[in-house]
Amino acid sequence: MPSVAPAQIPKAGVRRIAVIGAGYVGLPTAAVLSHRGHFVTVAERDVARFELLRQGMSPIVEHGLEEMVKDGISTGRLRVVNTAADAVVDAEFVFLCVETPQASDGSANLSYVTAAAAEIAANLTDGAIIVNKSTVPIGTVALVERVIGRSDVAVVSNPEFLREGTAVADSLNPDRIVVGSHNRQAAAQVADLFGDSGAPVVITDATTAELIKYASNAFLATKLTFINSMAGLCEAAGADVTDLVLGIGHDKRIGFEFLQPGPGWGGSCLPKDTCALVNIAMSLDLDMKIVRAAISGNDDQMERVIEKIKTAAGGTLEGRSIGVLGLSFKANTGDRRNSPAILITQRLVDQGATVRAFDPTVNRGDAEAPDLLHLTVCESPYEAVDGTHAIALLTEWQEFLWLDFARIREQVANPAIVDARNLWESGPLHHLGFSYSGIGR
Ligand code: NAD
Ligand code: UGA
């Protein structure tokens, strides 16, 4: 749990900062900057998110965030408003942390970025620095400069690398800080805001900074597709991917991170950012074949998991009931955007199955959410597996480790398990009479 110690006086002095957008990036950014001792105003236009924040509550599931938000509000270093224009009036730095969803052609939709820029332009103080933290294609710094239309205002790129679930810890201790601008003085001032973190700083031009963000996510996605493909090869060859990861991961050039096989990668960023990178390359007449292969390999992985579930359920999905454990795109987040679990359950239903599902961040009150309409939301893992023909573990919540499988054995119509996160040991499950299928072992 990140501790909320009293803020120190920042090395580079106390600054007045505005953050536009209080989502998975904006809120941890605002909370951590206020924790570092700066005065931060965060703007959130979504009514539900804004109301929760006003009460000192975090609208997103994020370890340690609510505590830090409450602390910031109580010390007066963090303020919440509902319009971007109000947030920026006295700000020396303005962080843009708004969404950049995937457009129909695969590119990043920049309308929220340009709308926010237009909203704040007239209210900015002289010499303000706009810091773009949203993930955006090359040329966006220049685009924001044009929308702002003020020669006294600098715009810099400062891509964000935090992960959901560990956003506060990642923001407190980033692996590196990247700042890109043709205005080196403005870039250095932005880097100074994070100076206390001790992370290495890469100062570069705006285009390179914008590409660094996409290159990072595309590399991670490619690494995941690689290990998922190796898991498939392990299954065909009778090898064990867990040992294979140990065997390659000890090579320091490879490492162990991001080599956990799974049902395919998802979330709000890797899918859209890989597509956006392919799109950027296309606009420059280049074909990023390796990234396209990572994307299509990911679809294949989800199909492989569906096949496993079908086999476990007796060779067909028609009329079968599947008990699903986990709906968020990974553990420790409530985010279901592009969750492999949601994509897989939808395809199970398309092939005739019914799905009962439990996730610790979903309750029956969420059952009307559009992405959950195809399944039955259950209040416990035991309710989800009741009477089912196969159990599929799709998100690696640690609380699934300690289920009472003897009880589950009595509940199911057919004792078959697909463990798409390799969370469980097969031995004890076989002993209880379950068939077990993991990934690559
Ligand atoms: P999000 O949808 O959770 O948050 C964006 C917030 O901005 C929303 O709450 C929205 O209501 C608010 N907003 C939009 N326009 C506004 C305006 N004009 N005024 C006030 N509020 C406004 O999105 P996110 O996941 O935080 O992602 C934001 C950006 O950061 C994206 O470009 C994303 O690719 C990038 N990013 C995300 C992550 C992550 O882990 N989610 C990590 C690194 C980078
Ligand atoms: C990812 C990157 O890790 C962050 O650095 C980046 O800032 C962020 O995207 C972003 O740009 O939004 P996040 O989306 O929070 O972070 O999720 P990850 O932890 O990267 O996981 C992505 C997907 O890969 C999940 O579906 C996860 O289950 C899967 N995964 C991850 C695996 O299957 N195996 C692994 O070993 C790691």
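Colleague: Which backbone atom lies 3.5 Å from an oxygen atom of ligand 2?

Modeller: A backbone N or O atom of Leu259 does. A polar contact is a pair of N or O atoms within 3.5 Å; within protein, one must be able to donate a hydrogen and the other to accept it, and residues adjacent in sequence count only if both atoms are side-chain atoms. In this structure, a polar backbone atom of Gln260 is 2.7 Å from a nitrogen atom of ligand 2, and a polar backbone atom of Phe329 is 3.0 Å from an oxygen atom of ligand 2.

Colleague: What should I know about the model and its labels?

Modeller: This is a predicted model, where local features need pLDDT of at least 70, side-chain atom pairs count only at pLDDT 80 or more, and totals for chains, interfaces and linings use all residues. Residues are numbered from 1 along each chain as written, chains are lettered from A and ligands numbered from 1 in written order, and side-chain values use heavy atoms, without hydrogens and water.

Colleague: Which residues come nearest to ligand 1?

Modeller: A residue is near a molecule if one of its heavy atoms lies within 4 Å of it. Around ligand 1 there are 27 residues, and Glu44, Arg49, Thr100, Thr135 and Lys272 come nearest.

Colleague: Which polar atoms lie by ligand 1?

Modeller: A polar backbone atom of Val25 is 2.9 Å from an oxygen atom of ligand 1. A polar side-chain atom of Glu99 lies 3.3 Å from an oxygen atom of ligand 1, while a side-chain N or O atom of Glu119 is 3.0 Å from a nitrogen atom of ligand 1.
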